[in-house]
4 protein chains.
Amino acid sequence: MLRAAVVGASGYAGAELVRILSGHPDVALSVITSRQYAGVAFDTIYPALNGFVKLDCEGSELTAVAKNSDIVFLALPHKASMAMVPGLLDAGRRVVDLSADFRFNNRDAYEAHYQAHTCAHLMDKAVYGLSEIYGEKVAAADLVGNPGCYPTSVLLPLLPLVKEKLVDPATVIADCKSGVSGAGRGASQTTHFCHVNESFKAYKVGRHRHTPEIEENISLFAERSVKITFVPHLVPMTRGMESTVYVATSPRVDEMLIRQCLESHYHDKPFIRLLPGGRFPDTLHVKGTNFCDIGWVVDPGTGRLVLMSAIDNLVKGAAGQAVQNMNLMFGFDETAGLSGVPYPL
Amino acid sequence: MLRAAVVGASGYAGAELVRILSGHPDVALSVITSRQYAGVAFDTIYPALNGFVKLDCEGSELTAVAKNSDIVFLALPHKASMAMVPGLLDAGRRVVDLSADFRFNNRDAYEAHYQAHTCAHLMDKAVYGLSEIYGEKVAAADLVGNPGCYPTSVLLPLLPLVKEKLVDPATVIADCKSGVSGAGRGASQTTHFCHVNESFKAYKVGRHRHTPEIEENISLFAERSVKITFVPHLVPMTRGMESTVYVATSPRVDEMLIRQCLESHYHDKPFIRLLPGGRFPDTLHVKGTNFCDIGWVVDPGTGRLVLMSAIDNLVKGAAGQAVQNMNLMFGFDETAGLSGVPYPL
Amino acid sequence: MLRAAVVGASGYAGAELVRILSGHPDVALSVITSRQYAGVAFDTIYPALNGFVKLDCEGSELTAVAKNSDIVFLALPHKASMAMVPGLLDAGRRVVDLSADFRFNNRDAYEAHYQAHTCAHLMDKAVYGLSEIYGEKVAAADLVGNPGCYPTSVLLPLLPLVKEKLVDPATVIADCKSGVSGAGRGASQTTHFCHVNESFKAYKVGRHRHTPEIEENISLFAERSVKITFVPHLVPMTRGMESTVYVATSPRVDEMLIRQCLESHYHDKPFIRLLPGGRFPDTLHVKGTNFCDIGWVVDPGTGRLVLMSAIDNLVKGAAGQAVQNMNLMFGFDETAGLSGVPYPL
Amino acid sequence: MLRAAVVGASGYAGAELVRILSGHPDVALSVITSRQYAGVAFDTIYPALNGFVKLDCEGSELTAVAKNSDIVFLALPHKASMAMVPGLLDAGRRVVDLSADFRFNNRDAYEAHYQAHTCAHLMDKAVYGLSEIYGEKVAAADLVGNPGCYPTSVLLPLLPLVKEKLVDPATVIADCKSGVSGAGRGASQTTHFCHVNESFKAYKVGRHRHTPEIEENISLFAERSVKITFVPHLVPMTRGMESTVYVATSPRVDEMLIRQCLESHYHDKPFIRLLPGGRFPDTLHVKGTNFCDIGWVVDPGTGRLVLMSAIDNLVKGAAGQAVQNMNLMFGFDETAGLSGVPYPL
């Protein structure tokens, strides 16, 4: 059994990693850490897991983590990851980092939106863990920068179309909507029930840090530098992310060509579900799963393509994709630990 | 006191009309009708209003309605309105129709998306009741076609900018989100709690009937025929509508020019609230009110304008605007009946 | 116009006071204070009230508050109220205190559940502001201890029955359910959306501090010392409180006798709505109002009486009842400021 | 592999059976039926299961069902089950019936609350499928009457205490709260999102048909006929049921004795989780699982015992317990198909 460590297990992405890894057939969850809850039994933080996780949270001491693990998942805030990654790699551990610290190839873009990078030499070495797109590189990687939730939901429907030049990448507008768990476990006015309930609103318009992450990947596939418009919104629900992406199409592109393109890229990808015509992705249908459901319409009035995707922001948008990447890295079945039957509601 | 009738009072828009008119200082609610609930006390359908509305629902018989009213609000499905309007006008009543039947000038557009129009000669006579834009015409009208909720939320932030040529109307993309009350009171899978809760999804993509209504009004202000992309989404909340509208700007347009334009059009409009820079409209802040809150950002990466509005779909998006139109028609204070202090949460 | 001050205006009860007083026909809101938000415009804390409340929050300095007000509402935590009340009374102000500090006659009971009382001599002077029960005393009071939300919801249906000996007060079990706003505006795990959504649970079982408050009032009406069982629960909704109270009846008591008793006590009370047989109180029907809806059933199998009430915890359970008490104290119409037409949904 | 049929697969309990059986290691889901959706692919009704369930719904023809199954789950309305059970048993099939038709031993009680029983001779043969209590009988049964959700949640914490005479069964009051999925998939005003959201209310007070089901089982353990008070409430959430049960204790019973009693009965029951002192069951912690979490407090003021339980009404309250019973009947591991790691949120 592969020994897996989750550093930062008390946050939502960390807890979801604990859930998935606890049910993974090829993995033993060996270490979980939480600075805030060091010494505390995990199932007192998340009582749902009473009987399934018997570990206590430890402090995030690098040596102990490295000693007791083969793979390390870092579910830490930006910057905290950078501090641990070099040591873990030096100790021979493979790392999936869920922060933004290793998602970028372009150091300037990273530093413009986050902070100075303290181990920029590893940025090249790191593979961007969008599993369906970069799966082969992921398989060989020692360090995976696990994608953000918004980038995952926008890039999966879009990249094949950009690659095959069916759409004009300079026209991309991504109108995205996230459940509240995306804001993390920290208590704040933003996440207060009475502030969220019956509320729908945009936030960080024009300045969300997932913008450059999306742009870097579109640019790579477009083979030129591309800027997009990305607006995130908050939905009064716990889990789920829906993205509606607007993009101009190339001449003679119709819904069937879109389908052919997506099918040719994704027919062997177990977590992509292309919906039949006239059906649109619904966060309820992917809740708790690693699926990305994709639908699309060519708007009859304007000819614009409307691409829609739905994911669970904590699973395909975070912990699930991280485990999917681990599966690729260690040669496990890509769906191992991620194949539970979805709930009908 | 003006005698007001609400035809179709048991639906959500009708019930909201009953609420507002019951508290209106210049109006006596004289007749309410409901085919389904004829003979039933209104407060057994909506027990919240126990003690405030003592009327029973009557059948929707035209003569009785006309006899006992000065103004008639029709909160009926499309087509049912057409059948009543000519008779009511002939009887000398003024009418605010909340269906789509009298929202269009363009008969072809109406018939392409709805059905044959049985009194097309009244389409020209009818005034489109977007109060802040067509207030003067409304004041003189005998027949007002009250706007759809989505068109209200999209047109209010957009029309002044189109008129002053600050934006390119051919580039409009409206990504709109509505609470569940927009689907009406009828029970269906669509409105089942377990179907809505934790669900976010687009619907009727590329074929919602509010599209031509929005297009007709933008075209009028653009002085040319314009098509837009409009995608509605359903949000797990009862009331509220947020629209995020993307549009290319003319050269040298910045956030300040947008503000100047909107302020010059709306400075004397009591139900428009222009938000300070960096604040975005939130459905929670307009819940139960007739306000349309408007915010905007020029996306720094692409220069696109992102316009955002929030309304209560049942108030400014339906019953509230209908009463505002009545106020204009009868020379009441524009805010009469609509000036309650909003709830902080 | 009476000048009213709200001390602690940024909390939920305080904000609700600001809302109600801003629409009150006989009152001018003259001072609002908030230690946390001193110097901040109220409508940046609660943007819904943009255009309605133009005051900034001040610090809670006693002299300034007293100077600019005739009535002072204290929406402060327990203990903070005690520190201000003597000074305000000395300055000749009348006070409605929403904390627990002046709800008790029994000093020992207060001190056993809260802390040492620093102005116990005022406990006798204070009137318990359960408006429908103690209205005459409230009218003459300088200091009103405004009831807790749970006690209000339990005592209103119960006290008339205890007084007329239709029920055995020693058998009272109160199973109560509250919306999340009852937990206050402070951010915590308890109020995090993801913690509340899809969650229903009891809390503080057997040790909630509203227990002695309920017991003191039942005991008074029973003319003997009575203990009750009270269990509060948290409901995933913003506003609302439902209480289901179980109590053994005296011989030959049936549903009609219950109705007669409640009607004789409440027929002239504008905020009590006794439901027809077979209808049960629903928090949705009292949302945003000062009503207490009451229903009841004599359980056919056991003969136990099941009493149910619904209130809005922030209105009848806090700010609304506080204003109702002010109305009584100053001879205003009891419903002044509280007579808005309820929303149908 | 055991061949399993689900009759009535399109309802919520049926769909949940489909989910669980699709992931069961020892079972092949062979037939699913739905009168309403005959001929329709299951995953068009429940798109979440796209890729997991490839069956179409069939009509509910008895011969076809019997032919292609070894075990039949009936997720039908009351009365419809009665019509199928004799034929299925005659064909040698074992049956778990989720309706009320075979939950009662007492024919009179059944007929008083439901309707005439058309195969009363099978009522004795049927075993009441409260797995933890009647597991041995279930193992040998051909026909299991699967318990109602409310009875499951009330009886599991209560029956051991009644059996060991720690409580007085004549004093039981069960105040129960259910998520909306308990009302079924049918669209109605009751389940309309706008009717449920921000609503909490009791329903069917004193006349819910789960009352006699609870009473029959308590009476059996009390060895005398007992009546209880049971009040169900509706909570604005999809899944989950919390029951707060009040009961007088025998002399000298304290919280520790309660624990000892429950532990001695349940220490080897994998789906019962007894919470540590001071922790109370939360529906969020059992969502999607077959667990029944149990907590309790002896109310310090009155000495009454407050028992609390939380289950997922669709799992332990319906489909999960049905599969647990099948596991017992066929000698599978009791947790087979039901051992997925719970979601932390």
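This briefing covers the domains, sheets, helix packing and chain contacts of the structure above. The model is predicted. Chain A divides into domain 1 (2-125) and domain 2 (150-313). Chain A meets chain B through 41 residues on each chain. The contact of chain C with chain B takes 25 residues from each.

**Domains of chain A**

- The domain assignment of chain A gives residues 2-125 to domain 1 and residues 150-313 to domain 2.
- The C-alpha centres of domain 1 of chain A and domain 2 of chain A are 26 Å apart.
- Ten residues of domain 1 of chain A and seven residues of domain 2 of chain A make the contact between them.
- On the side of domain 1 of chain A that touches domain 2 of chain A, five residues are nonpolar, four are polar and one is charged.

**Sheet in chain A**

- Seven strands of chain A form an open sheet with mixed pairing.
- The strand order in chain A is E8-E9-E7-E10-E13-E12-E11.
- E8 and strand E11 (272-274) are the edge strands in chain A, and each pairs on one side only.
- E11(A) runs parallel to strand E12 (residues 292-298) of chain A, and three bridges join them.
- Within that pairing, Leu274(A) has Ile294(A) in E12(A) as its bridge partner.

**Sheet in chain D**

- Chain D holds an open sheet of seven strands, in the order E8-E9-E7-E10-E13-E12-E11.
- Pairing in this sheet of chain D is mixed.
- Strand E8 (201-202) and strand E11 (272-274) of chain D are its edge strands, each with pairing on one side only.
- Strand E7 (residues 173-178) of chain D pairs with strand E10 (residues 241-247) of chain D in the antiparallel sense, over six bridges.
- One of the bridge pairs links Lys177(D) to Glu242(D) in E10(D).

**Helix packing in chain A**

- Helix H8 (residues 149-163) and helix H13 (residues 315-330) of chain A pack with their axes 8 Å apart, at an angle of about 95°.
- That angle makes H8(A) roughly perpendicular to H13(A).
- From H8(A), Cys149(A), Thr152(A) and Ser153(A) take part in the contact.
- From H13(A), they meet Lys316(A), Gly317(A), Ala318(A) and Gln321(A).
- The residues of this contact in chain A divide into two nonpolar, four polar and one charged.

**Helix packing in chain C**

- In chain C, the axes of helix H8 (residues 149-163) and helix H13 (residues 315-330) come within 8 Å and cross at roughly 95°.
- H8(C) is therefore roughly perpendicular to H13(C).
- Cys149(C), Thr152(C) and Ser153(C) are the H8(C) residues of the contact.
- Lys316(C), Gly317(C), Ala318(C) and Gln321(C) meet them from H13(C).
- Two residues of this contact in chain C are nonpolar, four are polar and one is charged.

**Chains A and B**

- The contact joins 41 residues of chain A to 41 residues of chain B.
- Strands E7 (173-178), E8 (201-202), E9 (229-234), E10 (241-247) and E13 (305-311) of chain A each supply at least two residues of the side of chain A that touches chain B.
- Helix H12 (283-286) of chain A also supplies at least two residues of that side.
- The side of chain A that touches chain B has 20 nonpolar, ten polar and eleven charged residues.

**Chains C and B**

- Chain C gives 25 residues to its contact with chain B, and chain B gives 25 residues.
- Helix H1 (12-22) and helix H12 (283-286) of chain C each supply at least two residues of the side of chain C that touches chain B.
- H1(C) gives the most to that side, with five residues.
- That side of chain C divides into 13 nonpolar, nine polar and three charged residues.
- The same surface serves both copies, with 100% of the contact residues of chain C recurring in chain B.

How values were computed. Residues are numbered from 1 along each chain as its sequence is written. Chains are lettered from A and ligands numbered from 1 in the order in which they are written. This is a predicted model: local features need pLDDT of at least 70, side-chain atom pairs count only at pLDDT 80 or more; totals for chains, interfaces and linings use all residues. Two residues are in contact if their C-beta atoms, placed from the backbone, lie within 7 Å. Helices (H or I, at least four residues) and strands (E, at least two) are DSSP runs, numbered from the N terminus. Ala, Val, Leu, Ile, Met, Phe, Trp, Tyr, Cys and Pro count as nonpolar, Asp, Glu, Lys and Arg as charged, and the others, Gly among them, as polar. Domain bounds come from an automatic or database domain assignment. Axes are lines fitted to C-alpha atoms, for helices over the stretch in contact, and angles run from 0 to 180 degrees between N-to-C directions. Angles under 35 degrees count as roughly parallel, over 145 as roughly antiparallel, 65 to 115 as roughly perpendicular and the rest as oblique. Two strands pair if DSSP finds at least two bridges between them.
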